[in-house]
Amino acid sequence: MTAHPPPATAARSPRLADRLDGPLFFPVTAYARDGTLDPEAFRAHVRGGIEAGAPAVFACCGTGEFHALTPAEFAECVAAAVEEAGGRVPVIAGTGYGTALARHFASLARDAGADGLLAMPPYLVVAGQEGLLRHYTELAAATPLPVIVYQRDNVVFEPPTVVALATTPGIVGLKDGLGDLDLLQRIISAVRTEAPDEDFLHFNGLPTAELTAPAYLGLGVRRYSSAVFAFAPEIALAFHRALTGGDQDTVARLLDGFYRPLVELRNQGRGYAVSLVKAGVRLRGLDVGEVRPPLSEPAPAHVERLAALIDHGLRLASAAPEA
């Protein structure tokens, strides 16, 4: 693996926030047939996403099977994503597990040249607000990289905790994968009221976030992760143009004809939020291998339904007005 110096943030990205607008790209991690890492396929996947118009690359996060990667594999993938990005777009790397390991992965990401971190929930434990705050503040203090905190599953914040996070040096945003809009509205209001000078970012991080993007936009949250971008950037970009451009007819057609059926298909199997995306990448012509255990591959019938959905979504996207 080629070592990389820490990112020259001032030169490459005066404000990371300004570079995280659009359907955010979460590449899958590519494996060879024997289950080992396939760096060249991963590079091709990242390169294709950037060339398609991704505003940022979130490498080795949930869709990238962070949980299944060794530290060495993680470092190799992040370095490869940084090389493919070449400074054109920022690369945000995942980190997680307990505090010590989160700091370790943060250090690996920094050495690989990443521009920031997505801090995923700590492994297994259900912690109180004080413990969660300590975990993320200690992580932020241990790295020069800006940190986005991921709320989902066993990490549920109360508004005062997010205010404290927002005023913590190095913590720049909250990605919401919980979907409790009442709670999120109270969080946004609390941060806006009690930390008005902080440039704190909010992201929609639900699986297949486009389905809820109109609702999140109503709360002022315009940034979202797009699993669909990984295998059908044409559809993801058409939806984003329609959403941000106020083209409600196109938004409705894509929601009704593609995204809602995709979510219903995704809900047919556990782990499909990752394995179905990986199947989609393969259907579009790039062999990125199968998911690693404990995830499992989608049923063949479900892959056939996905192929038909992609074809229909591409037709809908091609009929959408250009920007």
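Predicted model: local features only at pLDDT ≥ 70, side-chain atom pairs only at ≥ 80, totals over all residues.

**Cysteines**

I began with cysteine 77, which is buried, with a relative accessible area of 2%.

**Confidence**

**Helix H2**

I followed helix H2 over residues 39-52, which are 14 residues, and noted that the helix reaches 20 Å from its first C-alpha to its last, close to the 20 Å expected at 1.5 Å a residue. Which residues of H2 are buried? I listed Ala41, Phe42, Arg43, His45, Val46, Gly49 and Ile50. I reminded myself that an α-helix has 3.6 residues a turn, so residues three or four places apart point the same way. I then looked for what covers the buried residues of H2, and this includes strand S1 (23-25), strand S2 (57-59), helix H3 (71-85) and helix H11 (272-283). After H2 comes glycine 53, whose phi is positive, near 120 degrees.

**Nonpolar cores**

The largest nonpolar core has 108 residues, and those with the most contacts inside it are Leu20 and Phe58. Helix H3 gives the most to this core, with nine residues. Apart from it lies another core, of six residues, among them Leu184, Ile188, Tyr216 and Val221. I also looked up the contacts of leucine 20 beyond its neighbours within four places in sequence, and they are Ala56, Phe58, Pro90, Ile92, Ile148, Leu201, Phe203 and Arg223.

I turned to asparagine 204, which is found in strand S7 (residues 201-204) and counts as buried at 1% relative accessibility. What does the side chain of asparagine 204 pair with in a polar contact of 3.0 Å? Its partner is the side chain of threonine 212. A polar atom of the asparagine 204 side chain also lies 3.0 Å from the backbone nitrogen of leucine 206. Its contacts beyond four places in sequence include Asp176, Tyr216, Arg223 and Ser225.

Lysine 278 has its place in helix H11, and I noted that it counts as buried, at 0% relative accessibility. Not counting residues up to four places away in sequence, lysine 278 touches Val28, Thr29, Tyr31, Glu65, Val288, Gly289, Glu290 and Val291.

**Backbone angles**

Before this entry I wrote down that most residues other than glycine have a negative phi, and most peptide bonds are trans. Tyrosine 97, in the loop between strand S3 (91-95) and helix H4 (99-111), has a positive phi near 70 degrees. Threonine 208, in the loop between S7 and helix H8 (213-218), has a positive phi of about 50 degrees although it is not a glycine, and it is buried, with a relative accessible area of 7%. I also found a cis peptide bond joining proline 293 and proline 294, with omega about 10 degrees, and I placed proline 294 in the loop between H11 and helix H12 (300-318).

**Proline 159**

My last entry is for proline 159, found in helix H6 (residues 159-166) and buried, with a relative accessible area of 13%. How many residues along the chain separate proline 159 from serine 189? They are 30 residues apart along the chain, while their C-alpha atoms are separated by 8.5 Å. Beyond four places in sequence, proline 159 touches Leu183, Arg186, Ile187 and Ala190.

Key. Residues numbered from 1 in each chain as written. Heavy atoms only, no water. Helix = DSSP H or I, 4+ residues; strand = E, 2+ residues; numbered from the N terminus. Expected span 1.5 Å × (residues − 1). Buried < 20%, exposed > 50% of the residue type's maximum accessible area, 1.4 Å probe, protein only. Contact = heavy atoms within 4.5 Å. Polar contact = N/O pair within 3.5 Å; in protein donor to acceptor, adjacent residues only side chain to side chain. Core = buried A, V, L, I, M, F, W, Y, C linked by side-chain atoms within 4.5 Å.
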